[in-house]
Structures are given as C-alpha cells and as structure tokens.
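Dear colleague,

Please find the structure we talked about handed over below, with the sequence alongside. After it come my notes, which I have kept to what was computed from the atoms.

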Amino acid sequence: MYFTGLIIAVCTFLTIGIWHPIVIKTEYHWGTRPWWIYLLIGIACMVAALFVENTIISSVIGVFGASALWGIGELFSQKKRVQKGWFPMNPKRRSEYPPIDKNETLCPVHHGKSIYAIEDEDDSDSSR
C-alpha cells in the first residue's frame, strides 16, 4: 500500500488547523501589523519546497507556506470579525477598531458591502 497521499492529506489538515489559532492570536496581540511576517514565511516555505526532493516533506512545506500566505487575508478578515463582535477584542488596542457597518462583509469582492446590502441598494435605485 501507498500512504503518501494519506500522509499529505493529514498533514495538510493539521497545518490548516494550526494556522487558525495562530491568526486569531496574532490579530489579538498585534493586530494586522505582522502580515509581512506571514508573507516572508510563506515565500520562504514555497521556495524551500522547490528544493526538497522528498515528496511528503516538500508537500508539507509547500502547504505550510501556502497556509501562511492565505493567513495574510485571514488576518485582515479576523480584524473585521472582531469588529463585528464574533471574537474578543484586545482592550489595549480598542482604538484600532473603528465601528463597522452591519452590512459590511468579510468578502473583498463586494468592496466591503454584504451582497444583501448591494441588492437592497439596487432595489431602491430602481424604485426611484
């Protein structure tokens, strides 16, 4: 039997699971300022994965790097989650959290507005 795929899958699952609390703790203690550290870790791991011959180790390093890069976006989304009240706010950094519109979404595609708010705007424009 070949366990390579199963090992990579489990390591991927664990790596993603590890990054969730890292992002949450980073945002709580330091905000979004350390995003560049995630960038450096991500790029370093992706480059390192190119030079590792072992398939499993190379895959795990690559997944760790990709997760670090994905974590950059999650760091900024985590700030919005805190503003929405979904996660605890660091009281020492209360001034870094301006009020957020209830229709604001975490999705960057809709420019910070919920798709429901966009539909409501379209309906109000057509009723004029």
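**Notes on the model**

At 32% relative accessibility, A48 counts as partly exposed, where buried means under 20% relative accessible area, exposed over 50%, and partly exposed in between, with a 1.4 Å probe and protein chains only. A48 lies in helix α2, residues 35–50, and its C-alpha atom is separated by 9.1 Å from that of G65, 17 residues apart along the chain.

Before going further, please note that this is a predicted model, in which local features need pLDDT of at least 70 and side-chain atom pairs count only at pLDDT 80 or more, while totals for chains, interfaces and linings use all residues. Residues are numbered from 1 along each chain as its sequence is written, and side-chain values use heavy atoms, with hydrogens and water left out.

**Overall picture**

The secondary structure of the protein comes to 4 helices and 0 strands, running α-α-α-α from the N terminus on; helices (H or I, at least four residues) and strands (E, at least two) are DSSP runs, numbered from the N terminus. Of the 128 residues of the protein, 26% count as buried. The accessible surface comes to about 8,900 Å², of which 67% belongs to carbon and sulfur atoms, the areas being taken from the Shrake-Rupley method with a 1.4 Å probe, and for residues only the protein chains shown count as cover. With contact meaning heavy atoms within 4.5 Å, 56% of the contacts between residues at least 6 apart in sequence join residues at least 24 apart.

**The largest pocket**

The largest pocket has a volume of about 160 Å³. For the pocket search, on a 1 Å grid over the protein atoms alone, a pocket is an open set of points where a 1.4 Å probe fits, with protein on both sides within 12 Å along at least five of seven lines, and lining residues have an atom within 4 Å of a point. Grid points are joined across faces, edges and corners, and a volume is the space filled by probe spheres set on the points. The lining is made up of I16, W19, H20, V23, I24, S67, W70, G71, E74, Q78, R81 and F87. Helices α1 (4–30) and α3 (55–83) each supply at least two residues of this lining, and α3 gives the most, with 6 residues. By class, the lining residues divide into 6 nonpolar, 4 polar and 2 charged, where Ala, Val, Leu, Ile, Met, Phe, Trp, Tyr, Cys and Pro count as nonpolar, Asp, Glu, Lys and Arg as charged, and the others, Gly among them, as polar.

E27 is placed in helix α1 and is buried, with a relative accessible area of 1%. Not counting residues up to four places away in sequence, E27 touches L75, Q78, K79, V82, R93 and Y97. One of these, R93, is found in the loop between α3 and α4 (115–126), and R93 is likewise buried, with a relative accessible area of 6%.

E96 has its place in the loop between α3 and α4 and, at 28% relative accessibility, counts as partly exposed. A polar contact of 2.6 Å joins the side chains of E96 and R93, and another, of 3.3 Å, joins those of E96 and R33; a polar contact is a pair of N or O atoms within 3.5 Å, where within protein one must be able to donate a hydrogen and the other to accept it, and residues adjacent in sequence count only if both atoms are side-chain atoms.

Y28 is in helix α1 and counts as partly exposed at 26% relative accessibility. Leaving out residues up to four places away in sequence, Y28 touches P88, M89, N90, P91 and R93, and Y28 and V82, 54 residues apart in sequence, are 8.8 Å apart in space, C-alpha to C-alpha.

L75, in helix α3, is buried, with a relative accessible area of 0%. Beyond its neighbours within four places in sequence, L75 is in contact with V23, T26, E27, G31, T32, P34, W35 and Y38.

Best regards
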